[in-house]
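Subject: Structure handover

Hello,

Here is the structure you will be working with. Please open it next to this email and follow along.

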Amino acid sequence: MCDVCGCGHDHVHENRAVVSDDSTRRVVEIKKSLLDENERIAEVNRKHFDEKGVLAVNLISSPGSGKTTLLEKTIEALKGEFKIGVLEGDIETERDAERVRAKGAYAVQLTTGGACHLEAPLVHKGFHALEKQMNGGAPDILFIENVGNLVCPSSFYLGEHVRVVLVSVPEGPDKPAKYPKAFKTSNIFIITKSDLIPYFDFDVEKVKREALSLNPNLKVFVLSAKTGEGLEEWFNYLKELVRRKKGGK
Amino acid sequence: MHETSIALSLLNSLSELAEKERAKEVTKVRVRIGKLSGIVVDSFVFAFNALKPDYPKLGRAELLVEEVPSRYRCLDCGNEFEVETIYFPECTRCRSVNLKLISGEELEVVDVEIEV
């Protein structure tokens, strides 16, 4: 993976053919995705995670949906069994990394300096920093907490095995309808702050139905980090994913 | 606003292409952007044009965007149709939601015109 670092890598322009030629102007056929460079590095990340037996989980949601709080609870519950690493994506500040470190995870803060999403090269650098923090070791589970935003992060594959989209009850029930791409590209959908359901017009079954109509393969969890409702199911599912990852290496 | 990072990444790869092809400058670049790609075309074009003067051979590069509509095929009646809405589409003939997406997620560079 280290051949990606320092940007000294070869940019291969395959599939390229000269289709027209006059004296000075030429058209060069490209036929490549605009996200090609990101995806190439994401694949390198993915390979590296696989080699080290790391389960990589990309968390996507609006700001304030409870990603970090759920991570804190998850770390508390699983740290006895697994080594947990976190890459915390934010526009600014070290705050979230400090929060999860306090719970016993290894953590690296990725500050994007204004960008509203994480990209594969930054995750690549961040994972190296995490390995250094772990004295060359690697976590069993790597949580990549994306920048709070339901739009842009869904376009950028980071090399993760599992993508999770979270929506908290106070945000309202129309998130799947308004941000279809986040739901279409995810594997897991978590409804957080379920303890607030009695106080909001949030029809859980309808939200689930809409999300599943966008993506029938979504695994759905409804939970509250405050009351603990639904957490056990989430922890068990994660454990199962890690076991499968280690077993199927 | 991820349009800016995608525009930057395009400019970087055009710059490399210009070097590799020993071009004097890049004059045109054609891209296809699908309606479901998550890219706002206006923001993308704005970012491209705002940033291109920073690149020696790209200052006059013209960005041509072909917007690709979202098209589905109905798996129940075979009807093919275009839709404006980006979520929960249904077949315009039989109202089935059992659909296959044919186009609309494109996000690609088609070709580049250079001056040599």
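Some ground rules come before the findings. This is a predicted model, where local features need pLDDT of at least 70 and side-chain atom pairs count only at pLDDT 80 or more, while totals for chains, interfaces and linings use all residues. Residues are numbered from 1 along each chain as its sequence is written, chains are lettered from A and ligands numbered from 1 in the order in which they are written, and side-chain values use heavy atoms, leaving out hydrogens and water.

**The sheet in chain A**

Chain A has an open sheet of seven strands with parallel pairing. The order is E5-E4-E6-E3-E7-E8-E9. Its edge strands are E5 (106-111) and E9 (219-222), and each pairs on one side only. From one strand to the next, the twist averages 20°.

Two terms need their rules. Helices (H or I, at least four residues) and strands (E, at least two) are DSSP runs, numbered from the N terminus. Two strands pair if DSSP finds at least two bridges between them.

Look at one pair up close. Strand E8 (residues 188-192) of chain A pairs with E9(A) over four bridges, in the parallel sense. Which residue is the bridge partner of Ile190(A) in E9(A)? It is Phe221(A).

Chain B has an open sheet of three strands, in the order E4-E3-E5, with antiparallel pairing. The edge strands here are E4 (80-83) and E5 (99-103). Neighbouring strands are turned by 35° against each other on average, direction ignored. Strand E3 (residues 70-74) of chain B is joined to E5(B) by four bridges. Within E5(B), Ser103(B) stands opposite Arg71(B).

**Where the chains meet**

How many residues of chain B are in contact with chain A? The count is 31, and they touch 31 residues of chain A. Contact means heavy atoms within 4.5 Å.

The two chains bury about 2,800 Å² between them, 59% of it on carbon and sulfur atoms. Buried area is the accessible area (1.4 Å probe) that two parts lose on being put together, summed over both. In chain B, His2(B), Phe88(B) and Leu107(B) lose the most area to chain A. Together they give 19% of what that side buries.

A strand pairing also crosses between the chains. Strand E2 (residues 25-33) of chain A pairs with E6(B) in the antiparallel sense, over seven bridges. There, Glu29(A) stands opposite Asp111(B).

**Salt bridges**

A salt bridge is a side-chain nitrogen of Lys or Arg within 4 Å of a carboxyl oxygen of Asp or Glu. The structure holds 30 of them over all chains. Three are between chain B and chain A. Arg26(A) and Glu21(B) meet in a salt bridge at 2.9 Å, N to O.

Glu37(A) and Arg40(A) also form a salt bridge, at 3.7 Å, N to O. Both lie in helix H1 (residues 36-51) of chain A, three residues apart, about one turn of the helix.

Best wishes

Technical notes: Axes fitted to C-alpha atoms, helices over the stretch in contact; angles between N-to-C directions.
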